[in-house]
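Dear colleague,

I am handing over the structure we talked about, and below it you will find some notes on what turned up. Please keep it open while you read.

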Amino acid sequence: MATVDHREAGQEDPESEDELYEVVDLTEYARRHQWWCRVFGSNSGPIAEKYSVATQIAMGGVTGWCAGYLFQRVGKIAATAVGGGFLLLQIANHSGYVQVDWKKVEKDVNKAKKRLKKKANKAVPEINTFIEEASDFIKRNIVLSSGFVGGFFLGLAS
């Protein structure tokens, strides 16, 4: 039994239509065409020199400002909560609603200090490693880091 091919000249097999389309990887495209590259331009080379000075300062400044602004807001909320709670506790204590056993509080605080000292002595190598890595990063990316610090202070001030 013979099979007959009904395709006309120039007509391709429907299964081979996949070859006509180009697959575009959007994640790779986004990596290569970042918006700040179009605005500030990009350089190639080591990580510290990958972006222009203006890009590094702008990105450091923006992230620093955001961090400073959030730090300011969260800090105010935390200070208000702690201060308000302490104030209410003192008012309740002086009004006779609450009795605070200050000797027990002092004993518990001293116990917590001893535990913290033990844990801090054990964690020193990890902390030193983190500090060394952070200082190396700052040294390698001094422009980005200085932009971040400036933006952080601006965020605290706003």
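Gly61 is found in helix α3, where helices are DSSP runs of H or I with at least four residues, numbered from the N terminus. Please keep in mind that this is a predicted model, in which local features need pLDDT of at least 70 and side-chain atom pairs count only at pLDDT 80 or more, while totals for chains, interfaces and linings use all residues. Residues are numbered from 1 along each chain as its sequence is written, and side-chain values use heavy atoms, with hydrogens and water left out.

Gly61 counts as buried because its relative accessibility is 17%, and buried means under 20% relative accessible area, exposed over 50% and partly exposed in between (1.4 Å probe, protein chains only). Leaving aside residues up to four places away in sequence, Gly61 touches Gly147, Phe148 and Gly151, a contact being heavy atoms within 4.5 Å. Although Gly61 and Gly147 are 86 residues apart along the chain, their C-alpha atoms are separated by 4.4 Å.

Helix α3 (residues 53-95) also holds Leu88, which is exposed, with a relative accessible area of 60%.

Turning to another helix, Lys119 has its place in helix α4 (residues 102-140), and Lys119 is likewise exposed, with a relative accessible area of 60%.

Best wishes

Note on methods
Helix = DSSP H or I, 4+ residues; strand = E, 2+ residues; numbered from the N terminus.
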